Structure formats: C-alpha cells, structure tokens
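Subject: Structure handover

Hello,

Here is the structure I promised to pass on. My notes follow below it.

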Amino acid sequence: MATFAGIDWGGAHHQAAVVDDIGRELTNQRFAHDRAGIDELVVVLRGHDELVGVTIERSEGLLVERLHSEGFAVFPVSPRVSAAARERHQAAVRKNDRFDAFVLADLMRTDSWRWRPLSPASALGAELRAVTRHRRQCVENQITVEAQLRETLIAYHPSVTGLFSSVDRDVTLAFLRDYPTPAAAGRVGEARMAGFCRRTGYSGRVPPAVLAERLRTNLLTAAEGSVAGHSYAALALADQLELLNNQLRSYNRRLDELLADHPDHQIVDSFPAVGRVTAAELISEIGEDRGRYPTAQALLAEAGAAPVTLSSGKIERVRIRRACNRRLRATTTSWAYVLKRIDPISADRYARACQRGATKHTALRAVASSWMRVLWRCWQDRTLYDPAIHRPQTPR
C-alpha cells in the first residue's frame with residue numbers, strides 16, 4: 001500500500017503527517033528542529049513502507065538536504081497551492097500545523113502524478129548558488145551604506161560627494177579619511193591634491209588642478225557641533241563601506257573560480273552581454289536539472305517572463321506573473337536592459353512594445369522572453385550560442 005508524507009516545516013519544529021492511498025491519516029507528529037528531532041523524523045518516515053515521497057513548502061534548506069541525503073523523493077509546492085487545498089477538507093478558515101501537514105500529505109496523494117521531484121544540486125552548483133545569493137545581499141548592503149554616507153556628507157561636507165566618480169570608490173574613502181572636515185579639505189591645493197593622487201594610486205582621467213578647483217567650488221561647511229558629529233559618523237560609515245567593497249571583490253574572485261569549473265559556464269558565457277554576475281545568477285537560479293524545464297515556456301514561467309492571461313466572459317486581461325523566481329526575473333530583466341542597448345533586434349522589439357503602450361519593464365520582459373527561449377534551446381542541447389543559427393525572432 002502506497003503512503004504519502006507531508007511536512008509543515010518551521011524554524012523551531014516540524015510537523016509531519018503520513019496518509020495511505022485512500023487518505024487515511026497514519027501518523028501526525030511534531031519533531032524538534034535539532035539533531036535528535038530530525039533523526040527521529042527520518043526514522044518515522046522510514047517506518048512507512050512504499051513511501052512515494054515527501055511534500056514540503058520549500059525547495060532548499062537543512063531539512064530538504066537531509067531528506068535528499070536519506071534517499072526520500074522531495075516534492076516542493078507553493079504555499080499558495082497548499083492554502084487553496086485546505087478548502088478541500090473544510091469550509092471554515094482554520095489553520096494549524098497538524099492540519100497543514102495532513103493537507104500537504106493528502107495533496108501529494110491526489111496531485112503528485114503531475115509533479116516532478118526536486119533534483120538535488122551538485123556540490124559545485126549548491127556552492128555557486130549560495131555564493132551568488134550572498135553576493136547579491138552584499139551589493140544591497142553596499143548600496144544602503146553608500147546612500148547613508150552620501151546623506152551624511154551632504155549634511156556637512158558636500159564637496160566630497162562630487163569630487164570623484166562615486167562615493168563608494170576607494171579613492172573617495174581615502175580622501176574622506178585624510179580630510180574628514182571642510183576645514184581640513186580647505187587646505188588642499190593643486191600640489192597637495194597631486195600628492196594625494198600619487199599616494200592613493202588614483203587612475204582617473206581628471207588632473208589634480210581640476211580636482212582641486214572642483215573641491216573649492218563645492219566647499220561648504222556646517223556649524224562646529226554638526227561637523228564634529230557628522231564627521232564621526234562619516235568615518236564609521238567609510239569603514240563599513242570599505243569592508244563591503246573588499247568583501248564584494250572576494251565574492252567576485254570566488255565566482256570566477258566556481259564558474260571556471262561549472263560545465264554550463266561556456267554555454268551561458270557565449271551569449272552577448274553576459275558577464276560574471278549575470279552568468280552566475282543565470283546558472284545558479286536555473287539549476288542543473290534539464291528535466292525541470294521540458295519546454296521553453298516552463299523556463300519563461302519560472303523567470304516571470306511569461307505573462308498571465310485572465311479571461312472570463314467579456315473580460316480579458318494580461319498581467320505580470322507574480323508566482324515566479326524573483327531573483328531570476330531580476331537577472332533576466334537587467335540582462336535585457338543591456339541587450340536592448342547593444343542588439344538592434346532587441347532594441348527594435350523594445351521600441352515596438354513601448355509603442356503599443358507597454359511600460360518599460362513590460363517591454364524589457366518581452367526582450368528577456370525572446371532571449372530566454374534561445375538560452376533554453378542551447379542549454380537543453382548543451383551547445384554554445386551561435387548568432388548565425390540561434391537568433392531571437394524578428395519582431396513583427
């Protein structure tokens with residue numbers, strides 16, 4: 001007799017239920033999220049013969065990896081799917097861990113024939129995905145700290161913000177440390193600026209005389225107390241920003257090492273406008289399981305590049321797909337933004353979409369959709385992109 005398991009996972013404990021092939025609940029227990037609890041959960045699951053698999057509302061994490069290592073088939077489902085399935089069993093709005101675990105197990109009993117089990121990532125793929133996502137978080141933190149530093153400088157020392165190309169550059173942070181107040185920066189002339197540029201290895205194309213004049217033009221100052229307080233905070237933010245810059249460089253070096261060893265790197269790297277970050281995000285978010293996306297439309301849906309049509313009676317609407325991998329959607333959209341600037345066909349497709357009244361993001365998703373189809377074909381065939389063979393369709 002086949003059995004089906006469902007786990008309502010949590011941060012402190014997990015609720016696991018098992019049902020048989022006619023929907024009778026065989027067990028429904030709570031397990032702590034620690035070593036002993038997970039071991040006990042595995043023992044309970046192994047105690048049920050002919051266990052088809054385990055349904056859970058996530059596709060990664062310690063619990064999922066442990067289930068994979070024990071040889072269980074794992075079927076991740078969207079929380080929206082499991083929430084809709086509750087109405088099969090009750091009309092009242094009721095939610096608790098025991099009931100949710102039962103719903104997941106019974107949902108697998110009735111619907112798993114149309115699902116595909118989660119394929120575990122290789123060690124290289126898992127590391128690339130983790131490093132890529134942590135790098136994105138590092139970039140977000142860097143942007144936040146840079147904005148804080150910029151606002152602090154505007155409040156008491158605005159000349160530093162426009163001196164070099166950006167606030168987060170190493171040369172800007174070095175100048176702020178050497179001249180943290182407007183009074184100190186007021187003593188900088190052409191000769192002192194030239195010495196600073198040599199000392200920091202400044203490689204910009206702006207001569208010291210222009211930098212010194214730029215500094216004098218924007219040299220404003222606040223009251224003495226404000227300068228003291230803001231300068232203290234600015235130096236602290238500069239230390240944070242320097243740390244994030246160094247960490248970002250370390251992430252980039254690690255990505256280069258991981259991409260060099262990944263078998264899909266050459267395929268993705270053969271496409272135009274694909275750099276280190278775009279390649280890493282595409283490979284890590286798409287994954288390595290070719291069977292997960294049997295058609296190009298399946299990959300477009302995962303990337304949020306396939307719109308959703310709502311049609312009922314006289315009403316027909318087309319809107320953005322919300323249920324998707326948002327990291328992959330952000331990556332493909334930024335990739336399309338570069339493509340529409342360097343590729344004539346992509347630029348024409350973007351312009352035509354805008355002429356039809358589409359927003360710029362909708363037009364970018366149209367560009368991304370055309371290129372993701374080509375990427376899916378090359379990825380499935382394990383062939384490099386050839387512009388003479390693989391081209392997005394010319395827009396009509």
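I start with a helix pair. α12 passes α14 in a left-handed crossing. Please keep in mind that this is a predicted model. The axes of α12 and α14, the latter spanning residues 326-342, cross at roughly 145° and come within 10 Å. From α12, the residues in the contact are T278, E281, L282, E285 and I286. They meet R327, L328, T331, T332 and W335 of α14. By class, that contact splits into 4 nonpolar, 3 polar and 3 charged residues.

Two further helix pairs

Next come α5 (residues 123-156) and α10 (residues 224-261). Their axes come within 8 Å and cross at roughly 160°. The cut-off for roughly antiparallel is over 145 degrees, so α5 is roughly antiparallel to α10. The crossing of α5 and α10 is left-handed. Their contact holds 22 nonpolar, 12 polar and 5 charged residues.

Then look at α8 (residues 190-200) and α9 (residues 208-217). The axes of α8 and α9 also come within 8 Å, with a crossing of roughly 115°. The crossing of α8 and α9 is right-handed. On the α8 side, the contact uses E190, M193, A194 and C197. On the α9 side, it uses P208, A209, L211, A212 and L215. Of the residues in this contact, 8 are nonpolar, none is polar and 1 is charged.

The sheet

Which order do the strands of the open sheet take? The order is β3-β2-β1-β4-β5, which makes 5 strands with mixed pairing. β3 (25-32) and β5 (74-76) stand at the edges. Each has a single partner strand, so one side of each is left without a neighbour in the sheet. From one strand to the next, the twist averages 20°.

Within this sheet, β1 (residues 3-8) and β2 (residues 13-20) pair in the antiparallel sense. Their pairing runs over 6 bridges. A5 has V18 in β2 as its bridge partner. Helix α1 (residues 35-46) packs on the sheet. It touches β1, β2, β3 and β4 (51-56). The direction of α1 makes about 165° with that of β3.

The hairpin

T309 has V318 in β7 as its bridge partner. The hairpin of β6 and β7 has 2 residues between the strands. G313 takes a positive phi there, near 65°.

Aromatic pairs

How many aromatic pairs does the structure hold? There are 12. One of them is formed by F271 and Y385, and it is stacked. The rings lie 4.7 Å apart, centre to centre, with 25° between the planes. F271 sits in the loop between α11 (265-269) and α12 (276-286). Y385 sits in the segment after α16 (360-381). The pair therefore ties together parts that are 114 residues apart in sequence.

- α12 against α14, with the left-handed crossing.
- α5 against α10, roughly antiparallel.
- α8 against α9, with the right-handed crossing.
- α1 packed on the sheet.
- G313 in the hairpin of β6 and β7.
- F271 stacked with Y385.

Best wishes

Terms used
Residues are numbered from 1 along each chain as its sequence is written. This is a predicted model: local features need pLDDT of at least 70, side-chain atom pairs count only at pLDDT 80 or more; totals for chains, interfaces and linings use all residues. Side-chain values use heavy atoms; hydrogens and water are left out. Two strands pair if DSSP finds at least two bridges between them. Helices (H or I, at least four residues) and strands (E, at least two) are DSSP runs, numbered from the N terminus. Axes are lines fitted to C-alpha atoms, for helices over the stretch in contact, and angles run from 0 to 180 degrees between N-to-C directions. Contact means heavy atoms within 4.5 Å. Angles under 35 degrees count as roughly parallel, over 145 as roughly antiparallel, 65 to 115 as roughly perpendicular and the rest as oblique. A crossing is left-handed if the near helix is turned anticlockwise from the far one by less than a right angle, and right-handed if clockwise. Ala, Val, Leu, Ile, Met, Phe, Trp, Tyr, Cys and Pro count as nonpolar, Asp, Glu, Lys and Arg as charged, and the others, Gly among them, as polar. Rings of Phe, Tyr and Trp (its six-membered ring) pair if their centres lie within 6.5 Å; planes under 30 degrees apart count as stacked, over 60 as edge-to-face and the rest as tilted.
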